[in-house]
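Dear colleague,

Please find below the structure that I am handing over to you.

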Amino acid sequence: MEQYYGTGRRKTAVARVFLRPGDGKITVNKQDFQDYFRGIIKAVSALEPLRVTGLMGRFDLYITVKGGGKSGQIDAIKLGLARALLQYDADLRAKLKPAGLLTRDAREVERKKYGKHKARRAPQYSKR
């Protein structure tokens with residue numbers, strides 16, 4: 001059985017995306033895609049690489065994702081899916097790259113510093 005693999009990361013979320021020829025069934029952490037991301041409208045953006053390349057419904061996706069929140073997981077799946085599609089066909093790079101789907105969003109949460117309320121928020125200044 002032929003399958004293609006891609007790893008996606010965003011914030012602290014890590015997604016492993018396995019692409020197998022099939023009829024479009026999507027499984028996330030052993031649950032249906034719709035059930036895992038129930039009520040989250042942004043979740044459809046995770047399938048953006050399939051839409052851009054015009055391969056929607058040609059592959060079954062088996063995805064394992066951990067860490068972070070749902071939003072970070074969605075972006076991690078998007079990058080992992082784009083990388084898996086490149087393994088399937090390197091010529092798809094011409095469609096994925098201009099759409100910004102192969103760029104890893106490197107923004108991370110800044111650490112909290114001592115003497116501060118948050119990473120940068122200082123205690124309120126009192127003049128007297």
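Predicted model: local features only at pLDDT ≥ 70, side-chain atom pairs only at ≥ 80, totals over all residues.

Residues are numbered from 1 along each chain as its sequence is written, and side-chain values use heavy atoms, without hydrogens and water.

The largest nonpolar core has 31 residues, among which Leu61 and Leu85 touch the most other members. Such a core is a set of buried (under 20% relative accessible area) Ala, Val, Leu, Ile, Met, Phe, Trp, Tyr and Cys residues joined through side-chain atoms within 4.5 Å. Helix H3 (70-88) is one of the elements that give two or more residues to this core, and H3 supplies its largest share, eight residues. Helices (H or I) are DSSP runs of at least four residues and strands (E) of at least two, numbered from the N terminus. Beyond its neighbours within four places in sequence, Leu85 is in contact (heavy atoms within 4.5 Å) with residues including Leu19, Phe59 and Leu96.

Gln3 lies in the segment before strand E1 (4-10). Leaving out residues up to four places away in sequence, Gln3 touches Phe18, Leu19 and Arg20. Gln3 and Phe59 are 56 residues apart in sequence, yet their C-alpha atoms are 9.6 Å apart in space.

A colleague

Definitions and conventions:
Buried < 20%, exposed > 50% of the residue type's maximum accessible area, 1.4 Å probe, protein only.
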